[in-house]
Amino acid sequence: MAIARQVLCVSAFLSLVHARSQPLRYSVAEEGESGSVVANVAEDAGLAPAQLSTRRARLASEDGRQHFRLERGTGRLVVAERLDREELCGQAATCTLLFELVLVNPLQFLRVEVTVKDINDHAPVFPEEQVTFKIPERSDPGSRFPLVGAQDLDIGSNSIQAYSISPENEYFSVSFGIQSGDEKYIELVLEKPLDREEQADIHFTVIAMDGGSPPRSGTAEILIIVLDVNDNSPVFTQKVYIAKVLENAPEGSVVLSVVATDLDAGPNGDISYQLISALGQSDSVFVIDPTSGEIRLSKPLDFEATESHELTVQARDSGGLSAICKVLVEVVDVNDNAPELVVSSFSSPLPENTLPGTVVALFTVRDRDSGANGKISCALEDQLSFSLRQAYKNYYELVTVSELDREEIAQYILSVTAADAGSPPLTTTQTFTVDISDVNDNAPVFSQTSYTMYVHENNVPTVLVGAVTAADADTGSNAKVTYSLLPARPTEQPPCSCISVNSENGDVFVLRPLDYEQVKQIEVLVRASDIGSPSLNSNVTVRLVVVDENDNAPLVLYPSQGSSPPSSELVPMSADAGYLVTKVVAVDADSGQNSWLSYHLLRATDPGLFVVSAQSGEVRLRRPVTERDTVKQKLVVLVHDNGQPPLSATASLSALLLSDFSDVRLPHSSLATEDDGDSLTMYLIISLVFVSLLFLASMAAFVARKVCMRREIKGGHVLYGAGTLQGGLADAAAAGTLPHPYCYEISLTTGSGNSEFKFLKPILPSLPPQHCTTGEGTDGEQDFPSHPISIEDVAPENPGMLSAEQFNDLSFK
């Protein structure tokens with residue numbers, strides 16, 4: 001009966017878009033063999049048999065039992081097990097099995113109803129095979145004696161249709177009918193008075209016959225014992241007793257008490273009670289006290305197994321008279337069954353690019369309790385990425401509601417709780433573990449926005465200078481990163497062949513030696529690519545800085561070391577301490593401290609006469625020149641850089657100490673002692689003669705002009721240009737190392753017999769260019785000119801030739 005109630009709870013799929021509006025109805029006779037064909041469901045549902053497999057068709061019932069089986073290959077619905085209508089539906093008028101044909105992809109429900117038809121497979125059965133009646137001999141004809149009727153588990157025409165007596169006798173007949181409330185009864189009717197003296201007992205058989213084809217029957221032996229007069233039978237206070245009891249009532253609980261009375265006295269009035277077991281309930285859960293009529297529980301009740309119990313109680317007096325009453329016990333449901341959750345399908349793992357609305361799991365919930373105790377609600381614990389929605393009646397779908405990201409959450413543990421509405425409510429929790437599978441949606445990311453690596457020049461080939469590292473948030477092959485080189489700019493040629501990157505670990509190598517003086521910096525792009533499909537990549541700039549090594553010695557630009565004979569600097573004997581003799585100019589191709597140059601006097605003819613500035617390379621007089629100093633001085637200046645270890649070069653130069661530039665006859669003895677015997681003295685004499693002549697001519701021209709103009713000249717100024725000292729210095733100036741133009745002012749005074757000829761401070765460089773030539777000076781000083789001096793304007797009081805004595809009196813400033 002409980003099974004029938006569960007089956008009838010299935011309603012039509014009228015409220016669902018994806019459920020069939022009308023169910024598929026079939027019928028099958030009970031007791032059919034397993035594998036018997038019921039119908040072709042696929043044909044009736046308008047589906048091809050192939051669709052059943054592709055759409056993963058299956059049968060689902062509310063109670064979880066599979067009475068039928070679906071053949072996907074043919075679409076036929078066949079019997080899965082022997083069907084017993086009486087076991088499935090009991091005495092219900094109709095027996096209909098409800099289930100659903102579930103098509104998973106896409107989701108669709110088809111309701112199927114199969115009616116199990118009754119066959120006459122049960123014969124009528126009396127509760128007792130032999131029934132004894134003790135009837136007083138003075139019983140009136142027409143007296144009726146109730147008999148517990150036979151029961152037939154079949155229904156309809158297959159149930160009991162008639163009773164008869166065999167062999168027929170003159171004393172009794174059988175009466176069969178239906179009372180109010182659809183209660184069937186059977187009674188023995190006394191046809192004529194009994195005479196104990198004539199016949200003390202009577203034997204016959206009552207036959208119950210059903211209406212099946214062929215019909216079945218059941219019998220009960222009747223023994224009539226004729227007694228002396230006991231003319232009052234027991235009488236119950238109620239024909240039908242009704243009781244309600246909770247299904248969790250403890251064993252031994254009193255259900256109710258039945259009461260019967262007998263007007264007879266003495267032993268004929270003593271009543272005893274007994275339960276007459278109903279068909280199929282030989283092991284009754286109730287017991288009755290034979291004296292008090294109190295009915296108790298002999299074992300626990302189960303509402304889900306049986307919702308009600310029907311008992312027959314007989315009251316019998318000692319004289320053999322009896323009465324029968326019905327006891328109906330209704331079992332009251334309590335919330336003793338937690339909801340059940342049955343998973344139909346579950347998909348895991350899910351790709352992280354799964355679209356929202358994808359069905360992850362399909363499951364059903366049920367509760368064997370009834371009423372509020374069987375009403376179920378489902379809830380999903382707080383979860384932003386998934387939700388629960390009701391697909392149909394007690395079917396629920398677990399679906400995605402947002403995009404998934406494996407890099408944020410690689411696994412979801414979803415807890416679905418089904419709770420009934422009982423008091424207190426009972427719950428069941430089902431856990432779904434959903435793994436998220438990776439897709440290639442993350443490009444590699446470098447650990448730095450750019451990389452700067454350093455390598456010393458003159459490196460060994462294939463030296464490791466650093467490494468780039470990129471990580472990919474994906475997993476598996478999508479996270480495996482390879483490295484490659486790209487041009488720093490799209491329009492460039494392929495990247496420098498001197499750099500290589502390890503494709504596996506990102507190590508950066510320099511393949512050949514580099515020269516800082518040629519290449520100071522190399523910039524390339526390194527690409528990190530994963531091996532996903534499609535592949536993703538990212539680029540980073542790698543800047544390789546070549547670190548300078550001290551591999552270049554200083555190069556002396558001036559004085560030129562390749563000239564022969566070497567140039568000589570002219571130093572007047574009247575020069576004071578600090579007089580600038582010359583300047584050593586050197587450069588170093590290295591950079592940084594490797595190119596910081598310092599100058600030191602290594603050797604000199606007279607080391608105490610000269611000093612070299614360590615920073616500027618200027619060669620100056622340490623003290624005034626004396627007559628004892630050698631006329632020709634040789635100096636060697638050491639130039640070294642600040643590298644480790646330092647590299648150096650030397651510059652050789654010479655200086656002539658002259659007391660009078662007009663005296664072309666230099667001391668022979670001093671010149672004759674020189675080792676080289678060069679012709680510098682001859683050149684000096686020729687220069688002095690040329691200068692003297694030019695000076696005298698200029699003076700004569702000037703005096704003549706003054707006489708003609710008849711102007712008294714009180715003083716005059718002469719501008720002259722200082723030429724480059726030597727050809728090597730001119731080359732240095734052309735190279736841009738000595739680009740300083742100087743102009744000098746010569747002042748000639750009148751007075752006593754010795755006129756003074758002085759070099760004064762430089763004039764501003766805005767003078768006409770024909771009055772200036774190129775020279776070099778440091779810190780406001782100028783080099784002494786080595787070429788003849790041209791005088792434009794001289795105004796002595798007595799014009800004439802400038803004597804050697806006057807020339808010797810010239811002072812240079």
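Phe109 is buried, with a relative accessible area of 0%; buried here means under 20% relative accessible area, exposed means over 50%, and partly exposed is in between (1.4 Å probe, protein chains only). Before going on, a word on the numbers: this is a predicted model, where local features need pLDDT of at least 70, side-chain atom pairs count only at pLDDT 80 or more, and totals for chains, interfaces and linings use all residues. Residues are numbered from 1 along each chain as its sequence is written, and side-chain values use heavy atoms, with hydrogens and water left out.

**Aromatic pairs**

Rings of Phe, Tyr and Trp (its six-membered ring) pair up if their centres lie within 6.5 Å; planes under 30 degrees apart count as stacked, over 60 as edge-to-face and the rest as tilted. By that rule there are 15 aromatic pairs. Two of them are set out here.

| Pair | Centre distance | Plane angle | Type |
|---|---|---|---|
| Phe109 and Tyr392 | 5.6 Å | 40 degrees | tilted |
| Tyr392 and Tyr395 | 6.2 Å | 25 degrees | stacked |

Strands (E, at least two residues) and helices (H or I, at least four) are DSSP runs, numbered from the N terminus. Tyr392 has a relative accessible area of 3%, and both Tyr392 and Tyr395 are buried. Elsewhere, Phe133, Phe145, Phe172 and Phe204 form one aromatic cluster.

**Nonpolar cores and a patch**

In soluble globular proteins, nonpolar side chains tend to be buried together. A nonpolar core, as used here, is a set of buried Ala, Val, Leu, Ile, Met, Phe, Trp, Tyr and Cys residues joined through side-chain atoms within 4.5 Å. The largest has 28 residues, and Tyr26, Phe68, Leu77, Leu83, Leu101, Val112 and Val114 have the most contacts inside it. Among the elements giving two or more residues to this core are strand S1 (24–29), helix H4 (85–89), strand S6 (96–103) and strand S7 (108–117). If you click on Val114, you'll find that it touches Tyr26, Val28, Phe68, Leu77, Cys95, Thr96, Leu97 and Phe99, not counting residues up to four places away in sequence; contact means heavy atoms within 4.5 Å. A second, separate core of 26 residues includes Ala260, Tyr273, Val313 and Val327.

Leu328 sits in strand S23 (residues 322–332) and counts as partly exposed at 31% relative accessibility.

**Loops**

Gln22 is in the loop between helix H1 (2–8) and S1, partly exposed at 47% relative accessibility. Its C-alpha atom is 9.1 Å from that of Val112, 90 residues apart along the chain. Thr475, in the loop between strand S35 (470–471) and strand S36 (481–486), touches Arg406 and Asp438, not counting residues up to four places away in sequence.

Most residues other than glycine have a negative phi, and most peptide bonds are trans. Arg56, which is not a glycine, has a positive phi of about 50 degrees, and Thr462, also not a glycine, has one of about 55 degrees. Arg56 lies in the loop between helix H3 (49–54) and strand S3 (58–60). Which peptide bond is cis, with omega near 0 degrees? The one from Ser533 to Pro534. The bond from Tyr558 to Pro559 is cis too, with omega near -5 degrees.
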